[in-house]
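Here are my notes on this one, as numbered points. Have the model open beside you while you go through them.

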Amino acid sequence: PIRRMIVDRMITSSTQIPEAWTTVEADVTNLVLLRQRLKSYFSDLKTMNVTYMPFIVNAVAESLAAHPLVNSTWGGDSIILKRNINIGVATSTPEGLVVPVVHRPRPMNILALSQVIDDLVTRARSGQLKVPEVQGGTFTVNNTGALGSIYGKALINHPQAAILNTETIVKRPVVVNDSIAIR
């Protein structure tokens, strides 16, 4: 039932949602440094590996709270604003794409988000999710960067209004304070 629901939503998304998308490059140097520090800390505590996903989910949750119109669905003839913020995390599994949902990520901290996401992704990859764990998403995050992608376009998870696609973090020469730096 989970696979059927995801396939149905993808077909609906690709045939019924108008496409409007943009690409923005972000300097995440400070995020990389923060994650490095937290990885060492969590490693000392013998907890899970910290990925970038909890940071992204946290930023998206805060952004959706600040911009509630994006945390909505299309109801056929009206926009339905959602009170709860529930973020889907697109996950590659041996059977294909599955989107488990982090329900109410606010006000979870990075450690709590790491634990919830790690649990959902692990169970998604072993086929152990329950239907409610893939329902109720109001926004989806898709990290094709984990597969090495540097540029991509994701399908919106119908009936959601938007999706965030993140890509591989790469070092680039950029201008910082009128000097060229590697970021």
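1. A quick definition before anything else: buried means under 20% relative accessible area, exposed means over 50%, and partly exposed is what falls in between. With that in hand, aspartate 8 comes out as partly exposed, because its relative accessibility is 36%. Keep in mind throughout that this is a predicted model.

2. Staying with aspartate 8: its side chain meets that of arginine 4 in a salt bridge, at 2.6 Å from N to O. Both sit in helix α1 (residues 2-16), and being four residues apart there puts about one helical turn between them. The salt-bridge count comes to six.

3. Have a look at arginine 123 next. The contact with aspartate 119 is 3.1 Å, N to O, and it follows the pattern of a helix: the two residues are four apart in α4 (residues 110-125), so about one helical turn separates them. For glutamate 133, the closest N and O atoms are 2.5 Å from those of arginine 123.

4. Arginine 123 lies in α4 while glutamate 133 is in the loop between α4 and β7, so the pair ties together parts that are 10 residues apart in sequence. Are arginine 123 and glutamate 133 buried or exposed? Both are buried; for arginine 123 the relative accessibility is 16%, which is under the 20% cut-off. Aspartate 119, in contrast, is partly exposed at 37%.

5. Some more on α4 itself. The helix has 16 residues and reaches 22 Å from its first C-alpha to its last, close to the 22 Å expected at 1.5 Å a residue. Its N-terminal end is capped by asparagine 109, with a side-chain oxygen 3.1 Å from the backbone nitrogen of leucine 111. After the helix comes glycine 127, with a positive phi near 70 degrees. Besides Arg123, the buried residues of α4 include Ile110, Leu113, Ile117, Leu120 and Val121.

6. Now the sheet. What is the strand order? It runs β6-β3-β7-β8, an open sheet of four strands with mixed pairing. β6 (101-103) and β8 (163-166) are at the edges with a single partner strand each, so one side of each has no neighbour in the sheet. On average, neighbouring strands are turned by 20 degrees against each other, direction ignored.

7. Within this sheet, β7 (residues 139-143) and β8 pair in the parallel sense, over four bridges. If you want a spot to check by eye, valine 141 has leucine 164 in β8 as its bridge partner.

8. Helix α3 (residues 53-66) lies across β3 (86-89), β7 and β8, and runs at about 150 degrees to β7.

9. Strand β9 (residues 173-176) pairs with β10 (residues 179-182) in the antiparallel sense, over four bridges, and valine 175 stands opposite isoleucine 180. Two residues sit between the strands, and asparagine 177 in the turn has a positive phi of about 50 degrees. Aspartate 178, in the loop between β9 and β10, also has a positive phi, about 65 degrees, although it is not a glycine. Aspartate 178 is exposed, with a relative accessible area of 79%.

10. Last, some backbone geometry. Most residues other than glycine have a negative phi, and most peptide bonds are trans. The loop between β6 and α4 holds arginine 104, whose phi is positive at about 50 degrees. Proline 107 is found in that loop too, and the peptide bond from arginine 106 to proline 107 is cis, with omega near 5 degrees. A cis peptide bond also joins histidine 158 and proline 159, with omega about 15 degrees; proline 159 is in the loop between β7 and β8.

Notes:
Residues numbered from 1 in each chain as written. Predicted model: local features only at pLDDT ≥ 70, side-chain atom pairs only at ≥ 80, totals over all residues. Heavy atoms only, no water. Pairing = 2+ DSSP bridges. Axes fitted to C-alpha atoms, helices over the stretch in contact; angles between N-to-C directions. Contact = heavy atoms within 4.5 Å. Buried < 20%, exposed > 50% of the residue type's maximum accessible area, 1.4 Å probe, protein only. Expected span 1.5 Å × (residues − 1). Polar contact = N/O pair within 3.5 Å; in protein donor to acceptor, adjacent residues only side chain to side chain.
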